[in-house]
Amino acid sequence: FFFNDTATTEIYTEQIVGSVRCVQETGINAEYMGMAETKQFPIYSLIGDIGGTNVRLSIVRFNDVDHTGEVVLEDRKLSRQEPNFEQYLHQFLTPIKGQPTYPTIAVIGMAGPIFNNTCRMANLTWPIVDAKQLSKEFNIPIFKLIGDFHANGEAISLLNDSQLVKINEGKQQPNTVKVVIGPGTGLGSCFLIPSVEGVFNVFSAEAGHASFSPQDELEFEFFRFVESKYPNELIDIERCIAGPAVPYIYEFFRLKKGENYVSSYEQNVPEEKRNGKTIIPWGIEGKDQVCKEAVDFYLKLYGREVGNYGLRTCAYGGIYLVGGLTNSLRPKLLEENSIFMKEYLNHRLSYVLESIPIYLVTEVDIGIIGSQVYAHKIIKAKFGKEKQTN
């Protein structure tokens, strides 16, 4: 087992049927263990899902070690409304300060790499978020940051059939790798690796920041178009596949029709509302040719990248596509012989990809659900053994 320092345990163990389950990056601070031993249920936890677009916070009550939690307070805001994360916490926590519902545990999923319980948000200009400082400032003894897609991965095991739509049948194999991927403000991902039977460890990734690789002349043209917007940086996958790329793709195809070309989309949609949220439905419904070409091109790039993930991990446990943008593409994803699936399978080892099931996750709040799951694991790690001995 590995430790970030002498105070913080980055891996905790829980005994399951005589085996040891390892749950990554829980970060239970040793100096607070005495406090935790005297804490009585219910326990209140601050749960968060912080992305480049939205901030979601909630207070969850855990009535006992087996209770998976109940939301008692929640709030949602746009991420760019405040200059830093602390402002959101002040606004959310101040009204309940001194009340029984004030949290003693916090688990926050954040859209950025986590290092030593700190996070620099990938698509926001916020200062570095430091969990140790936040723990002291807000008097929350156990304060843990996890990647937003780590949180997504934690929630996968809780999903039921009503929250999943199968895109590729495949043949799911037990105790094999699973992958979660989805575009939003960025392109997030994680993978789940089985340890003992039925138990998965979740590992976040920043693969969306790997370099983009065009494959034909049209894609090279698009690459050069995006490069002109970011002349001093390597063009990564996010620049071409994440949500903000949709308007770039639209602009690219519109310009190919001539500088003075005005699409029906532009004639009918005010400039301030021209974004991925309007381009995609116009393209899916065939209301505008440029929007349709943009959506088809996006689906091609997305399908290829999902195939890349499948091959890199041999994710025979399934690939799970998440997020609002992916759900907005649902009609195209479910088409027979879809552009997405054609490009997904357009690899030399297509037979490997054919065997991997692909699911569209229709639950849009999967991130905050996963952070809640993580908080419950912290509680079970501390109180589960005590319950067994009583």
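**Entry 1: around helix H3**

I began at the residue that follows H3, asparagine 139, and found that its phi is positive, near 55°. I note here that the model is predicted.

I then looked at the other end of the helix. The N-terminal end of H3 is capped by aspartate 130. I read a distance of 2.9 Å from one of the side-chain oxygens of aspartate 130 to the backbone nitrogen of lysine 132.

Next I asked which residues of H3 are buried. In this helix, which runs over residues 131–138, I listed Ala131, Leu134, Ser135 and Phe138 as buried. These residues lie on the same side of H3, because the arc they cover around the axis is only 105°. I found Lys132, Gln133 and Lys136 exposed on the other side of H3.

I also looked up what covers the buried residues of H3. The cover includes helix H2 (85–93), along with strand S9 (129–130) and strand S10 (142–147).

**Entry 2: helices H5 and H10**

I turned to a helix pair. Two packed helices are described by the angle between their axes and by the distance between the axes. For helix H5 (residues 217–229) and helix H10 (residues 289–313), I have an angle of about 100° and axes 13 Å apart. H5 is therefore roughly perpendicular to H10, since angles of 65 to 115 degrees count as such.

I noted the residues that make the contact. From H5 they are Leu218, Glu219 and Phe222. H10 contributes Phe297, Lys300, Leu301 and Arg304.

**Entry 3: alanine 381**

I picked alanine 381, which is in helix H15 (residues 366–389).

**Entry 4: the chain as a whole**

I count 15 helices and 16 strands in the secondary structure of the chain. The chain has 390 residues, and 52% of them count as buried.

I put the accessible surface of the chain at about 18,300 Å². Carbon and sulfur atoms account for 50% of that surface.

Definitions and conventions. Residues numbered from 1 in each chain as written. Predicted model: local features only at pLDDT ≥ 70, side-chain atom pairs only at ≥ 80, totals over all residues. Heavy atoms only, no water. Buried < 20%, exposed > 50% of the residue type's maximum accessible area, 1.4 Å probe, protein only. Helix = DSSP H or I, 4+ residues; strand = E, 2+ residues; numbered from the N terminus. Arc of directions from axis to C-beta. Contact = heavy atoms within 4.5 Å. Polar contact = N/O pair within 3.5 Å; in protein donor to acceptor, adjacent residues only side chain to side chain. Areas by Shrake-Rupley, 256 points an atom, 1.4 Å probe, with all protein chains shown as cover. Axes fitted to C-alpha atoms, helices over the stretch in contact; angles between N-to-C directions. Parallel < 35°, antiparallel > 145°, perpendicular 65-115°, else oblique.
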